[in-house]
Amino acid sequence: MPKVTIIMPSLNVHKYIRQCVESVITQTLADIEIILIDAGSTDGTLEILQEYTQKDKRITLFHSDVKSYGYQVNMGIALAKSEYIGIVETDDYILPDLYETLYKIAIQNKADYVKGNVASFIELKNGLKWSRFTENVQEIKEEIICPRNTPELLLKDYYIWTGIYKKELLKEVKLNETKGAAFQDIGFLFQTISMAKKAVYIDKIGYFYRQDNESTSSVNSNGFRYMIWEYTFIEPLIEKKNKKWKWAYYYKMAQQMTERFRRMALSKEFWEDKKEDMKWVRKKLKSAIDQKILTNENVDQDTWFWINLFLDNERAVYDFFQKDFRRKFSETRKLLEEVGTNHIVIFGCGRYGKFTHVLLEFYRQGQVTAFCDNNELLWNTQVQSVCVVSPKDIIKKFYDCIYVVANAKNAEEIKVQLRTAGIDEDHIYIYIPDFDIRVFACSNLFCDIL
């Protein structure tokens, strides 16, 4: 019997499927079962899956007559032969040792499930990749939890595919089988968290979550409707739980309501045809407040603000995010105008610096000649194939460049450091991108506003 079954639902992911399947078949844990379930792809995905089925005996390909992510995962769970089950979305990819690491920890701890960390990423046509976190974690820290006694996990654990689950646990779990691939993870998470006796969370990143797939459900205007389907699906289960679980249920609903408005603001159009769906969410959240399930003492300040603004006037939430996005995009437009076609040094090798590099590459603005950082451990290394030079050397070699300071914590100090070294203030630009990676990933929207 294989040690881990990996379920891979697919539908028209021709652009990404090879990278994904390759990352699974090259796992250091060789004793795995791979279940591919295609829901009627018409873009060449199916032919690629058939090709891999011929190459690797561990792979079995099944066909789903229903275009539903939940249906496909349920089908895979029923077919799985292994003690543990993992799920990989076929526009993502995983690191080679992901399942070996998870399985060892699961066996050692006799865990119902084990989950690692995730990095969101985007890829450009020139092969340059940006991810929120590094791919290398030297030390794995473990946190052992009893999920059934920890409802707040619903607010921290967002994804179903970062771990492996004991098959015995998943026998009691059923995903909602609504059409498409939207929000079914909510029901899955609620069921697994509320039933599991023992789980292990580790800080190792092994799963890479694609954010540049424009067909993703996260930017779909039907998001409110998908939310309703899933929360309605969970509601009968919630009614049997105590007030703490109901708190987590409504708190998560409020957070996802807020995210729907962010998506709407990105679309630059208020979704008038979704007002009935908004009305349903408003009714639920108002009821939670009336029953003192959600209060200003047990909800974070930002979420409490959004809930009350939403209850008062949903249009005001949309307008707020629209204004905020335009401000952020305006700052980015100024950066692009400032650097022009000049040579550029990015001061800061962290996630802001890396993101700025990708941004400039994406728009073909200027030429990033080097990175610079005050951390001497980074000197003479490379970040995203660009050399990292010490501040002393950078000023000698690249005096006439535009310096983009991409360090949120020490931006003003770095600016003073550069001016003291003799760099003209007109050649120093502070840029701290404070929007989510998914905003940039929706590049068609991003370009429109720019």
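Q: Leaving aside its neighbours within four places in sequence, which residues is Phe-261 in contact with?
A: Phe-261 is in contact with Phe-224, Phe-270, Met-278, Phe-310, Glu-314, Val-317, Tyr-318 and Phe-321, where contact means heavy atoms within 4.5 Å. This is a predicted model, in which local features need pLDDT of at least 70 and side-chain atom pairs count only at pLDDT 80 or more, while totals for chains, interfaces and linings use all residues. Residues are numbered from 1 along each chain as its sequence is written, and side-chain values use heavy atoms, with hydrogens and water left out.

Q: What makes a set of residues a nonpolar core, and which residues have the most contacts inside the largest one?
A: Such a core joins buried Ala, Val, Leu, Ile, Met, Phe, Trp, Tyr and Cys residues through side-chain atoms within 4.5 Å. The largest has 108 residues, and Tyr-99, Phe-261 and Leu-294 have the most contacts inside it. Helix α8 gives the largest share of this core, 13 residues. Another core, of 21 residues, lies apart from it and includes Ile-346, Tyr-352, Phe-355 and Tyr-431.

Q: Why does Cys-349 count as buried?
A: Buried means under 20% relative accessible area, exposed over 50%, and partly exposed in between, with a 1.4 Å probe and protein chains only. Cys-349 has 7% relative accessibility, and therefore counts as buried.

Q: How many disulfides does a search of the whole structure find, and how far is the nearest cysteine sulfur from that of Cys-349?
A: The search finds zero, a disulfide being a pair of cysteine sulfur atoms within 2.5 Å. For Cys-349, the nearest cysteine sulfur is that of Cys-372, 7.6 Å away, and Cys-349 is in no disulfide.

Q: How many aromatic pairs are there, and what kind do Phe-190 and Trp-245 form?
A: The count comes to 25 aromatic pairs. Rings of Phe, Tyr and Trp (its six-membered ring) pair if their centres lie within 6.5 Å, and planes under 30 degrees apart count as stacked, over 60 as edge-to-face and the rest as tilted. With 5.7 Å centre to centre and 85° between the planes, Phe-190 and Trp-245 form an edge-to-face pair. This pair links helix α6 (residues 184–195) with helix α8 (residues 243–267), the two residues being 55 residues apart.

Q: Why is the pair of Phe-320 and Phe-321 edge-to-face?
A: The ring centres of Phe-320 and Phe-321 are 6.2 Å apart and their planes stand at 85°, so the pair is edge-to-face. Phe-320 is partly exposed, at 39% relative accessibility, whereas Phe-321 is buried, with a relative accessible area of 4%.

Terms used: Helix = DSSP H or I, 4+ residues; strand = E, 2+ residues; numbered from the N terminus.
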